[in-house]
Amino acid sequence: MFHKNIKLILAGLIVATGIWQFTESNIGNGIFLLLVSAIPVFLYFKNEFILLAFLKLRKQDFDGARKWLDKIKNPEGALVQKQQGYFNYLHGIMLSQTNINQSEKFFKKAIELGLSMDMDLAVAKLNLAGIAMSRRRKLEATSLLNEAKKLDKQNMLKDQISMMKEQMKKI
């Protein structure tokens, strides 16, 4: 796993090589190298292992997603802040099935680091509301549910939010 700055250095070297190709009158090679230099820049902002873990999660393959996430040994050095948020978010989703205590820690850290999509933030808050509700912290669960409802602009979580509100009436 590369440090995040190595990807930028690699992109800079590819751009420099592309410029050198332009000076040598190899215009096609220069254009190709400038286009190729976009790949390390893209991977700087979107980590390849997190992308592969998301693909595994779409297929409900939690073990496969865990294998891809385990390849990231040092998240602070290899990932930018938003990617660290998604790293914790994915761990929280996977652990929500088995270990609620660790899942809560990962979701809180993901919210603290930031998630770029409102839908992901809504899912994290909805999961935290479910954890708070299971621990009989009704006030915290209510506030988290309201925040999740505000973030859910496409009403994709409408059924889950209404179901949790019905369950909270029983507490």
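Is Phe 49 buried or exposed, and what is its relative accessible area? In this predicted model, Phe 49 is buried, with a relative accessible area of 15%.

A search of the whole structure gives five aromatic pairs. One of them joins Phe 49 and Trp 68, whose ring centres lie 5.8 Å apart with the planes at 25 degrees, so the pair is stacked. This pair connects distant parts of the chain, since Phe 49 belongs to helix α4 (residues 48-58) and Trp 68 to helix α5 (residues 62-70), 19 residues apart. Trp 68 is partly exposed, at a relative accessible area of 25%. Between Tyr 86 and Tyr 89, the ring centres are 5.9 Å apart and the planes stand at 85 degrees, so this pair is edge-to-face. Both tyrosines are in helix α7 (residues 81-95); they are three residues apart and therefore separated by about one helical turn. Tyr 86 and Tyr 89 are buried. Together with Phe 54 and Phe 107, these tyrosines make up one aromatic cluster.

The largest nonpolar core contains 36 residues. The residues with the most contacts inside this core are Ile 50, Leu 69, Ile 72, Tyr 89, Leu 115, Leu 126 and Leu 145. Two or more core residues come from each of the elements α4, α5, α7, α8, α9 (118-134), α10 (138-151) and α11 (158-169). The most is given by α9, with nine residues. When residues up to four places away in sequence are not counted, Ile 50 touches Leu 69, Ile 72, Leu 79, Gln 83, Tyr 86, Phe 87 and Leu 90. Among these partners, Leu 69 and Ile 72 are also listed with Ile 50 as residues with the most contacts inside the core.

Apart from neighbours within four places in sequence, Glu 104 is in contact with Leu 128, Ile 131, Arg 135 and Arg 137.

On the surface, Leu 8, Val 41 and Phe 45 form a nonpolar patch, and their accessible area together is about 250 Å². Phe 45 is found in helix α3 (residues 38-45). With a relative accessibility of 51%, Phe 45 counts as exposed, because that class takes residues over 50%.

Conventions: Residues numbered from 1 in each chain as written. Predicted model: local features only at pLDDT ≥ 70, side-chain atom pairs only at ≥ 80, totals over all residues. Heavy atoms only, no water. Patch = residues over 30% accessible without salt bridge, like charges linked within 9 Å, V, L, I, M, F, W, Y side chains within 5 Å. Areas by Shrake-Rupley, 256 points an atom, 1.4 Å probe, with all protein chains shown as cover. Salt bridge = Lys/Arg side-chain N within 4 Å of Asp/Glu carboxyl O. Helix = DSSP H or I, 4+ residues; strand = E, 2+ residues; numbered from the N terminus. Buried < 20%, exposed > 50% of the residue type's maximum accessible area, 1.4 Å probe, protein only. Phe/Tyr/Trp six-rings, centres within 6.5 Å; stacked < 30°, edge-to-face > 60°. Contact = heavy atoms within 4.5 Å. Core = buried A, V, L, I, M, F, W, Y, C linked by side-chain atoms within 4.5 Å.
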